[in-house]
Amino acid sequence: MALISQGEVDLSQYHDNQVLSLNEELIMVNEDDVPQPVVASKKQAHLMQYLNNGGLPHRAFSVLLFNSKGQLLLQQRSDDKITFARNWANSCCSHPWSSPEEMEPHNQLGVKRAAIRRLKHELNIEGLCEDDLTCVGRILYKASSDGLWGEYEVDYILIAQKDIAVGRNPEEVADIAWVSRNEIQSFLKDKATKAEPTSPWFKLLVEHSLDRWWEAIEQGNLTNVIDLNIRRWT
């Protein structure tokens, strides 16, 4: 595979572990989620200079973890995050690596493996397996964080419902909250008044699809809302 060249950016202001993670190689895709014969680092794939000059989207995932009470786990991204710091988002959001294990397309196993890896890293969650995660859809979106960094992703939406112990890696997560269906709107509005905005991808999910998925969780018929066609919200 060809390697996309790195952009020159001063990284001295960022936390060491966050800078180290910028070396991770992501799965570059086209807007139809077809892997492309190029490799880009996490750094390159998130630079707006690249994204605004014909750059490719990359594959990502967003986990929605519910408990048996029907509450959704939200996380606030830490101050150390390079993109969308202190934004409130869904339970866990990240990227599969460009590796055979995390590129496995069958039953979305690759992104599910990546999600399990990140749930452990960010939230100390153990005991979830691939079968606990249901992929209910994919979205394509693009968003700028601060003019320098941004996102351009084909994002797999993974849902799980399980009572499980949750911790917090402070380098990744500033805060967590379990929120009910009738609290979600007021919770996010209240946080926004405190300079704690909602991440752009989670805002799109809340506006377009979250309530329908939440209803399916409450009714126990999640399979009825699976739609793997890519929703294009760019």
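## A buried aromatic pair

Both phenylalanine 84 and tryptophan 201 are buried in this predicted model. Their ring centres lie 5.4 Å apart and their planes stand at 85 degrees, so the pair is edge-to-face. The two partners come from distant parts of the chain, 117 residues apart, with phenylalanine 84 in the loop between S5 and strand S6 (88-89) and tryptophan 201 in helix H6 (residues 200-208). Ring pairs also bring in a further residue, linking Phe84, Tyr141 and Trp201 into a cluster.

## Other aromatic and charge-ring contacts

The count of aromatic pairs comes to five. One of them is formed by phenylalanine 66 and tryptophan 214, which are edge-to-face, with 5.4 Å from centre to centre and 70 degrees between the planes. This pair, too, links distant parts of the chain, since phenylalanine 66 belongs to strand S4 and tryptophan 214 to helix H7 (residues 210-219), 148 residues apart. Phenylalanine 66 has 0% relative accessibility and therefore counts as buried, and tryptophan 214, at 1% relative accessibility, counts as buried as well.

Two arginines place their charged ends over aromatic rings: that of arginine 117 sits over the ring of tryptophan 97, 3.6 Å from its centre, while that of arginine 138 sits over the ring of tyrosine 156, 5.9 Å from its centre.

## Overall architecture

The protein contains seven helices and 11 strands. Its radius of gyration is 17 Å, close to the 17 Å that the globule rule gives for 234 residues, so the protein is as compact as a globular protein of that length. Taken along the principal axes, the C-alpha atoms fill a box of roughly 50 × 40 × 30 Å.

Buried residues make up 55% of the 234 residues. Among the contacts with a separation of 6 or more, 71% are accounted for by residues 24 or more positions apart.

The largest nonpolar core has 40 residues, of which Phe61, Val63, Trp149 and Leu158 touch the most other members. At least two residues of this core are supplied by each of strand S2 (25-29), strand S3 (35-41), helix H3 (48-51), S4, H4, S8 and S9. A second, separate core of 32 residues includes Phe84, Ala89, Phe187 and Val206.

Tryptophan 149, when its neighbours within four places in sequence are left aside, is in contact with Val9, Leu11, Tyr14, Leu22, Lys43, His46, Leu47, Met48, Ile82, Thr83 and Ser144.

## Helix H4 and its flanks

Helix H4 (residues 109-123) has 15 residues and reaches 21 Å from its first C-alpha to its last, close to the 21 Å expected at 1.5 Å a residue. Its buried residues are Leu109, Gly110, Val111, Lys112, Ala114, Ala115, Arg118, Leu119, Glu122 and Leu123, and what covers them includes strand S4 (58-66), strand S5 (72-77), strand S7 (92-94), strand S8 (134-144), strand S9 (150-161) and strand S10 (173-179). An α-helix has 3.6 residues a turn, so residues three or four places apart point the same way. In H4, the buried set includes Val111, Ala115, Arg118 and Glu122.

Glutamine 108, in the loop between S7 and H4, has a positive phi of about 55 degrees although it is not a glycine; at 16% relative accessibility, glutamine 108 counts as buried. After the helix comes asparagine 124, whose phi is positive, near 55 degrees. Most residues other than glycine have a negative phi, and most peptide bonds are trans.

## The loop between H5 and H6

Alanine 195, found in the loop between H5 and H6, likewise has a positive phi, of about 60 degrees, although it is not a glycine. At 60% relative accessibility, alanine 195 counts as exposed, because the cut-off for an exposed residue is over 50%.

Threonine 198 lies in the loop between helix H5 (184-192) and H6. With a relative accessible area of 18%, threonine 198 is buried, because buried means under 20% relative accessible area. Leaving aside its neighbours within four places in sequence, threonine 198 is in contact with Asn87, Trp88, Leu188 and Lys203.

Note on methods: Residues are numbered from 1 along each chain as its sequence is written. This is a predicted model: local features need pLDDT of at least 70, side-chain atom pairs count only at pLDDT 80 or more; totals for chains, interfaces and linings use all residues. Side-chain values use heavy atoms; hydrogens and water are left out. Helices (H or I, at least four residues) and strands (E, at least two) are DSSP runs, numbered from the N terminus. The expected span of a helix is 1.5 Å times one less than its number of residues. Buried means under 20% relative accessible area, exposed over 50%, partly exposed in between (1.4 Å probe, protein chains only). Contact means heavy atoms within 4.5 Å. A nonpolar core is a set of buried Ala, Val, Leu, Ile, Met, Phe, Trp, Tyr and Cys residues joined through side-chain atoms within 4.5 Å. Rings of Phe, Tyr and Trp (its six-membered ring) pair if their centres lie within 6.5 Å; planes under 30 degrees apart count as stacked, over 60 as edge-to-face and the rest as tilted. A charge sits over a ring if NZ of Lys or CZ of Arg is within 6 Å of the ring centre and within 35 degrees of the ring normal. The radius of gyration is taken over C-alpha atoms; the globule rule is 2.2 Å times the number of residues to the power 0.38.
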